[in-house]
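Student: Can you walk me through this model? Keep it quick.
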Amino acid sequence: MKTLRRVVIVVVLLGIALGAWLFLRNSGTPPVSREASKIDAASLKDPVLIAKGQYLTTVGDCAACHTAQGGARFAGGRVVGTPFGDIPAPNLTPDRETGLGDWSFEAFWQALHAGIGRKGELLYPAFSYTSYTKVSHDDALAIFAYLQSLAPVHQTSKPLGLEFPYNVRNSLKAWRALYFKEGEYQADPAKSAAWNRGAYLVQGLGHCNECHIARDSLGGMRGDQALSGGQIPVQNWYAPDLSTQANGGLEGWAGQDIVDLLKTGQSAKGTAFGPMAEVVAQSTQHMTDDDLQAIATYLQSLPARPQVAFEKSPLDTTSMVNQGAKIYGERCADCHGKDGNGVAGVYPPLNGNSSVNEPTGINAIRVVLLGGFPPVTKGNPRPYSMPPFAQQLSDSDVAAAVTYIRQAWGNKAALVQERDVIKYRQTPVD
Amino acid sequence: MRHDVAKPQLSRFHAGVTQGRAYNRGMDTIAKLCQARRVFSAVLLFALITAGSAARAQETGAPKVPNTLQQRIASCTGCHGVHGEGTPESGFFPRLAGKPAGYLARQLKDFQDGLRKYGPMEYTVRHLSPEYMHEIADYFAAQEVPYARSPLPRVSPEALKRGEELATKGDPSREVPACIACHGTELTGVQPNVPGLVGLPYDYLSSQLGSWRTKTRATVAPDCMAEIANRLSASDISAVSAWLAGRELPSDMHAQPAGTITPPLHCGVLGATGDGA
């Protein structure tokens with residue numbers, strides 16, 4: 001009996017091990033080599049296809065991650081910080097050794113669409129294939145043709161900065177089962193062509209959701225929370241709700257305001273700064289008016305989510321708010337106006353501004369500390385800027401001013417405290 | 001810093017009303033004298049329209065914003081001063097006024113590319129275009145601001161002598177060229193790319209030499225100042241910084257004309273001709 005029991009235990013253990021192996025082994029098979037590709041190499045040299053690809057690569061803002069600060073464009077090297085470790089973006093230029101020079105289109109498609117690398121390895125979702133999976137096959141081909149047309153740059157990718165267990169790529173199998181749904185964008189026939197184009201760009205190549213959503217402890221995104229705003233991990237900026245929600249969403253924004261912000265960096269409702277300034281400067285300002293209108297059409301159709309009731313703090317904030325009002329009058333009102341409505345085309349309104357009202361207060365704290373320029377765009381080549389107050393205001397003064405701004409006029413957002421200011425005093429550079 | 005921003009609308013409105021009344025009274029007298037009713041009516045109409053639009057402007061409360069570069073670059077002047085005077089008493093925010101435009105534009109680009117490391121500057125210039133950076137550089141280069149003296153550290157006469165020797169003769173044994181070889185005979189810089197070294201605080205000078213050694217300040221290769229800074233000893237850095245910071249200022253602090261130096265090293269920042277011209 002004893003022997004039988006042992007055999008049963010061994011068999012059960014083996015069964016579990018086999019199951020785990022079946023589950024965790026690479027799901028991807030290596031794609032075909034460049035030589036065996038079904039795509040004719042000459043067809044990739046079509047200038048029309050390359051031009052289309054260049055536009056789409058700009059829409060996808062691929063250069064933002066795949067270019068190091070001061071480095072060659074698309075040659076990789078920028079490190080994407082995640083709560084699990086640093087993930088450097090690889091070289092996309094057609095260098096045979098260090099870039100995509102040896103890749104077939106099939107391999108590129110598998111990476112973009114399915115998040116699987118050339119050797120069949122599962123890719124980390126810092127590469128936003130969770131969004132890019134919606135990109136159409138034709139668009140992906142154009143992007144590949146454009147990337148292959150670039151001058152090759154020999155630049156080896158930096159090693160991954162991940163520790164156990166995150167450095168075990170097969171652990172992504174479980175992550176993918178929870179959070180990744182593969183599939184191209186499916187048009188909604190009940191909606192207009194512009195709406196569908198907007199949805200395709202926002203959900204797919206534009207990968208807006210990668211920032212504008214709250215992520216859980218595993219870095220996953222819940223589909224039902226798409227575009228509802230969230231704190232960007234590690235970078236620690238808040239990407240606001242893109243629905244028409246009041247207090248932190250795009251309530252009151254006209255379609256033209258969305259187009260203006262994406263095209264010039266400024267709108268009557270707010271100005272792009274922080275990571276969004278980079279998106280505007282490098283990507284959206286170069287988009288066609290039709291595509292920008294399409295994005296606006298789609299975003300304006302997003303229903304406002306049920307509003308979270310504004311809870312007044314149990315603390316007595318009177319003296320704090322009075323102090324904030326005094327600082328506002330001395331330091332801020334000259335540009336943003338006593339009424340918080342800013343100056344059209346110059347200084348953004350703070351009253352009703354989604355970045356002022358977002359739930360965390362991070363954006364307002366950081367903008368007060370850092371000041372800075374809106375993005376330089378063709379539509380706004382010499383933007384007006386804001387002075388940094390980091391050297392002039394104490395943590396409690398910043399907290400008071402930000403709390404005042406978040407509760408003045410029509411704004412209804414929670415107070416921020418000194419400890420929140422201390423947390424975000426360092427300057428985010430990359 | 002608040003001096004460079006627009007006055008609130010309210011005071012402008014009051015000023016407008018006062019001026020309007022005085023103007024009205026004056027014109028009233030003229031109208032009586034001339035008996036020209038049409039002129040009077042026209043003036044009255046003008047005054048009403050002006051007052052009306054002023055009242056509307058007050059309702060919106062929008063501040064009036066000067067359309068000047070100075071107003072646009074509050075992000076720069078907040079720390080460096082409206083005219084780029086810096087903070088000579090502490091040396092923390094460097095003076096920008098009167099530095100050669102090519103040099104200033106290069107620094108902005110180096111911050112943008114992460115060659116020169118300082119978070120707040122890297123963040124601020126991140127998305128500026130080359131054109132805008134040159135315009136900003138030109139603005140500060142054109143500012144004429146008197147030079148203020150900064151506090152000097154206590155250094156021995158020997159150290160000052162060593163500093164003077166390095167600045168004016170260099171140290172051939174360490175292959176250190178004299179500062180004057182590149183930075184001008186009066187050390188006031190050379191157009192358009194070489195900054196002056198006199199009139200700067202000790203803390204600023206010594207920390208720049210230090211940052212070339214710690215690679216938090218770099219520029220396009222060949223980065224000859226990095227090479228020179230690494231050939232200096234720590235005591236040399238103190239000595240030359242102290243001598244430069246304490247040096248009597250020449251009557252003309254402007255950078256000397258382009259093409260008037262022959263640099264002993266090939267420097268990336270000086271371009272193909274080597275003299276920056």
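Tutor: We'll take confidence, then the interface, then one glycine.

Tutor: This is a predicted model; local features need pLDDT of at least 70, side-chain atom pairs count only at pLDDT 80 or more, and totals for chains, interfaces and linings use all residues. Residues are numbered from 1 along each chain as its sequence is written, while chains are lettered from A and ligands numbered from 1 in the order in which they are written.

Student: What are the overall scores?
Tutor: The ipTM is 0.91 and the pTM 0.86. Chain B has an average pLDDT of 83, and 76% of its residues score at least 70. pLDDT is the predictor's confidence in each residue, from 0 to 100.

Student: Where in chain B is pLDDT below 50?
Tutor: Residues 1–34 of chain B are one such stretch. Residues 43–59 of chain B also stay under 50.

Student: Now the interface. How many residues of chain B are in contact with chain A?
Tutor: On chain B, 28 residues contact 32 of chain A. Contact means C-beta atoms, placed from the backbone, within 7 Å.

Student: Which element gives the most on the chain B side?
Tutor: α6(B) does, with 5 residues. Helices are DSSP runs of H or I, at least four residues, numbered from the N terminus.

Student: Where is B:Gly271 found?
Tutor: B:Gly271 sits in the segment after α12 (234–246) of chain B. Its C-alpha is 9.7 Å from that of B:Val220, 51 residues apart along the chain.

Notes:
Contact = placed C-beta atoms within 7 Å. Helix = DSSP H or I, 4+ residues; strand = E, 2+ residues; numbered from the N terminus.
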